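Hi,

Here is the structure I promised to pass on to you. Have a look at it first, then read my notes below with the model open beside them.

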Amino acid sequence: MPDRSSAASAESNHMFDSMPPQFILWKSVPDMPPAKPRKVPCDASGTPVDPHDPSRFMAYVDARSAPSPRGLNVGFVLTKGDPYFVLDLDGVRDPSSGEYDNWSKQVAALFPGAAMEISVSETGMHIWGRCDAERLRIKKRKFADNKGEFYTEGRFVALGRGQMGNIEM
């Protein structure tokens, strides 16, 4: 499981290098409290863009090296044509201690060796891998009282930190 001792970040970890050029930039935009900030896909100047417009996609190496004077971050867009999934577990990590709850440990154990990272909020986990997305399209996207979400397409995912494992699983 990713932890704070794995100091790797999206800028220094290359587990995403083998993935197709479906990366975009995004920025954090404050929302009305108590809502958390919104993750807004944008271009290198910080102008909002449609994350599902393939003309906005770039290779990981280009996204992570894009100048970020406006605090821009890197995200990946899941599309119908790629074989990737992201399992997004929310509210499963104590950001102070770095400890994960038992449920998330059990879920992570179902994906031995898969790529995992700490989410941007520091309280969640992303599990990345490959799947036969066609067989999973009819499945429910949210589960465990909305604590978990499963995505295979039509979603941009903000890359977190502490990446480890094999995304090609």
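Start at the hairpin of β5 and β6: six residues lie between the two strands, and Glu122 there takes a positive phi near 75°. Strands here, like helices, are DSSP runs numbered from the N terminus (E, at least two residues, for a strand; H or I, at least four, for a helix). Before you go further, note that this is a predicted model, where local features need pLDDT of at least 70, side-chain atom pairs count only at pLDDT 80 or more, and totals for chains, interfaces and linings use all residues. Residues are numbered from 1 along each chain as its sequence is written, and side-chain values use heavy atoms, with hydrogens and water left out.

β5 covers residues 115-118 and runs antiparallel to β6, with four bridges joining them. Two strands count as paired if DSSP finds at least two bridges between them. Across this pair, Met116 stands opposite Ile127. β6 itself spans residues 125-130, and five of its six residues are buried; "buried" means under 20% relative accessible area, with exposed over 50% and partly exposed in between (1.4 Å probe, protein chains only).

Which way do the residues of β5 point? Ala115 and Glu117 go one way, Met116 and Ile118 the other, and all are buried. In a regular strand the side chains alternate between the two faces of the sheet.

Now widen the view. What order do the strands of the open sheet follow? There are six of them, β7-β8-β4-β6-β5-β10, with antiparallel pairing. The edges are β7 (142-143) and β10 (161-164), each of which pairs on one side only. You can walk across the sheet like this:

- β8 (residues 148-151) is joined to β4 by four bridges, and Val86 stands opposite Tyr151 in β8.
- β4 (residues 84-89) is joined to β6 by six bridges, again antiparallel, and Tyr84 has Arg130 in β6 as its bridge partner.
- β5 is joined to β10 by two bridges, with Ile118 opposite Arg161 in β10.

As for the whole protein chain, it has three helices and ten strands. From the N terminus on, the elements go β-β-α-β-β-α-β-β-α-β-β-β-β. Of its 169 residues, 40% count as buried. The chain exposes about 8800 Å², and carbon and sulfur atoms supply 54% of that (areas come from the Shrake-Rupley method with a 1.4 Å probe; for residues, only the protein chains shown count as cover). Take the contacts (heavy atoms within 4.5 Å) between residues at least 6 apart in sequence: 73% of them join residues at least 24 apart.

Phe76 lies in β3 (residues 73-78) and is buried, because its relative accessible area is 0%. Leaving aside neighbours within four places in sequence, Phe76 is in contact with a list of residues that includes Met19, Phe23, Tyr84, Trp128 and Phe156. Phe76 and Trp26 are 50 residues apart in sequence, yet 9.9 Å apart in space, C-alpha to C-alpha.

The other is Pro51, in the loop between β2 and α1 (60-65). Why does Pro51 count as buried? Because its relative accessibility is 15%, and the cut-off is the one given above. Not counting residues up to four places away in sequence, Pro51 touches Ile24, Pro41, Phe57, Val77 and Phe156. Pro51 and Gly75 are 24 residues apart in sequence and 9.3 Å apart in space, C-alpha to C-alpha.

Last, the largest pocket, which holds about 390 Å³ of space. On a 1 Å grid over the protein atoms alone, a pocket is an open set of points with protein on both sides within 12 Å along at least five of seven lines, whereas a cavity is a set where a 1.4 Å probe fits but cannot get out; lining residues have an atom within 4 Å of a point. Grid points are joined across faces, edges and corners, and a volume is the space filled by probe spheres set on the points.

Of the 19 residues that line this pocket, Lys36, Lys39, Asp88, Asp90 and Arg155 are the closest to its centre. β2 (38-42), β4, β8 and β9 (155-158) each supply at least two residues of the lining, and β9 gives the largest share, four residues.
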